[in-house]
Amino acid sequence: MEFFLIILLLLSIIGLSSFINHFLPYIPVPLVQIALGILLASLPLGIQVPMEPELFFVLFIAPLLFHDGKNVSRHAIWKLRKPILLLALGLVFVTVFVIGYLIHWLVPTIPLPAAFALAAILSPTDVVAVSAISSRVKIPHTIMHILEGEGLMNDASGLVAFKFAVAAAVTGIFSLTQASWSFLVISIGGFLGGAFLAFLIIRLKIFIRRLGMEDVTIHMLIQLLTPFVIFYVIEHFHLSGILSVVAAGIVHTISRDRDQSPAMQLQVVSQSTWTVLIYILNGLVFVLLGLQIPSVLNEIFKDPMFNNWEVSKYIIIITAALLLLRFIWISIAWQRGWLLKKQLQMPSMKAIGILTISGVRGAVTLAGAFTIPYVLADGSPFPERSLILFIAAGVILVTLIAASIFLPILARTEKENTEELREEMERFAMILTVDAAIRSIRELMDDDNRGAAVSVITAYNQIRNRLTNVSVEHSDRQKLAETEIRMKALDAEEDYFEKLQKEGKVDFETTYFIEEHIHRMRLAVTNRMQYRRLFFWTLIKRSVYNLFQLFVPKNQERLKNRKAKAKKIIQLKANMAHAAIQYLKEQMTLENEHSYLAIIGEYNEMMMKFKLAKKSGDSTQYTQMQRELRVKAFQAERDEIQNLYEEGEITIDVTRKIRKQINIREAYWMEETSLQSH
């Protein structure tokens, strides 16, 4: 029961990480999940999830790499095989040699074989972490394919090198000839074995289908079991299980491309199932990694034999050396024409920088480090095992943080800062948000709310037409001018109302409602966060009020007075809007006519809605339907903007501008029903 509760808690943390990332999208999800794992391990809850490397590899790494192998572009991998092999094989072995000697020089208490073992386990990059970080960064396709291919291949080479280095440290015996031959056998055998088993499984599924068994559940179960079975079988024969599942994924992709006979239902279920499974496994990998870090850190920080500053300095130096070596290796390879078929006269420092900083270490590094034995062949403790684990965990964190900070900067295009591109990006994003709102309304449309839905869709189509009929959206200066115009129009409304106050034509309750209205409109224009808080607080108050009214006996006289009061306030707001229009017409010139007419149009639209609201009665239900649809539409707009930002399609400045415009439209549109509960 306790283990089940721990699983539920870990899954809840994964969900919480997505929630946090929604509001802090500039922090990659892996870092959030690692931080939550560290926090969970630090709490006095007694939660301990021991790292069992063999189980970790088969349970997490196998399905993740199988999925990556299925989705990677095999044509791109084959085309870029030279740079991928140079990174996945050449760089790995150079890293083992160079970084191994550096570690032994920095920490003489770590013997050379053990230093080679640490360097070997630090050599593989984490394709899962890179994919998570690069999801909102526009990395060129060629570079991304190289990173994916490297991540799929270098796990095997790094782990094989690690295995032989650990064996040399434990037994004191090492043979370069034997190690080289074993590496070829393990790698090639694992790859071919995985491909062969995948072929057999595919033939099994075809045989089952020919028997007339098109049951989606059976085929989906076989597909889910495939990576676990292949990894376990290949590892049983002491070959590379990692390369076996990569090969199996590629074989499944080839088979899928050639055979289009499986039912569409199976394809849909397969896609949905793998999406959820990979999401959970990715999250668990980083949460479990975070859970292990506090114990690794405490073991070093609490040990009087170690100087905390010294061991932290080791991590910084080793990480810097890893990145520097990667940079030099890629630079030399690029200049020699190995990375691209079409050789450039001068290598792109930006592309080299992206490839360098994307060398993130992850779960494979920590899981491999935990396989280091506690004792040597003679029974003595493995030298500096705790320090090796500490350095591995530290390098993982530093490379993740470095990639999170510098990768978006390096991947940013030069044109992103130009005004024309920002304006075009904003217009494109606004069109997508409007389309998202229209889709959401159409999904909710039924026979009862069809009239209200058509009305809201028509309003959105008008916005879309305005956006598509212009080649370039307003400049920043025009946006600022429109904000100033709206504020002056609100000043005109306030002046009109203050004049009525001085004449004693409004009571205290009306004054409260009008001041709340003006405050809400000002916040919509100037302060997004405060406006959202106020809006949600208003919705909560109205919901509580409406709930309270259910338990209060209906009083026809009171209801009649409320309706009369509401109509009076609606008329007052219409008069204030008219005053604002008069002011705008007086201030309008030929130079600012475009901006002024747009805002006058918004006020005219609001006045039309006030006239509809004054009719009340039978239109109350229709108005409520419109309000509910608009709330859903505005949320769909905000979700679309968030998705565009998280995927790196738009900048934070564009995101803020569009959110502000949504707030303004929301404030104006909601006025037609805001008085129904007064």
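1. Helix 6 spans residues 112–122. Nine of its eleven residues are buried, so this helix is largely enclosed by the rest of the structure. The buried residues are Ala-114, Ala-115, Phe-116, Ala-117, Leu-118, Ala-119, Ala-120, Ile-121 and Leu-122. Keep in mind that this is a predicted model.

2. Now the whole protein chain. Its secondary structure comes to 25 helices and zero strands. The chain has 678 residues, and 50% of them are buried.

3. Next, contacts and surface. Take the contacts in the protein chain with a separation of 6 or more: 80% of them involve residues 24 or more positions apart. The accessible surface of the chain is about 34200 Å². Carbon and sulfur atoms account for 63% of that surface.

4. How many salt bridges are there? The count comes to two. One of them pairs Arg-326 with Glu-150, with the closest N and O atoms 2.7 Å apart. Arg-326 sits in helix 13 (residues 308–335) and Glu-150 in helix 8 (residues 141–171), so the pair ties together parts that are 176 residues apart in sequence. Are these two residues buried or exposed? Both Arg-326 and Glu-150 are buried.

5. Lys-313 and Glu-310 also form a salt bridge, at 3.4 Å from N to O. Both residues belong to helix 13. They are three residues apart there, which means a separation of about one helical turn.

Terms used:
Residues are numbered from 1 along each chain as its sequence is written. This is a predicted model: local features need pLDDT of at least 70, side-chain atom pairs count only at pLDDT 80 or more; totals for chains, interfaces and linings use all residues. Side-chain values use heavy atoms; hydrogens and water are left out. Helices (H or I, at least four residues) and strands (E, at least two) are DSSP runs, numbered from the N terminus. Buried means under 20% relative accessible area, exposed over 50%, partly exposed in between (1.4 Å probe, protein chains only). Contact means heavy atoms within 4.5 Å. Accessible areas come from the Shrake-Rupley method with a 1.4 Å probe; for residues, only the protein chains shown count as cover. A salt bridge is a side-chain nitrogen of Lys or Arg within 4 Å of a carboxyl oxygen of Asp or Glu.
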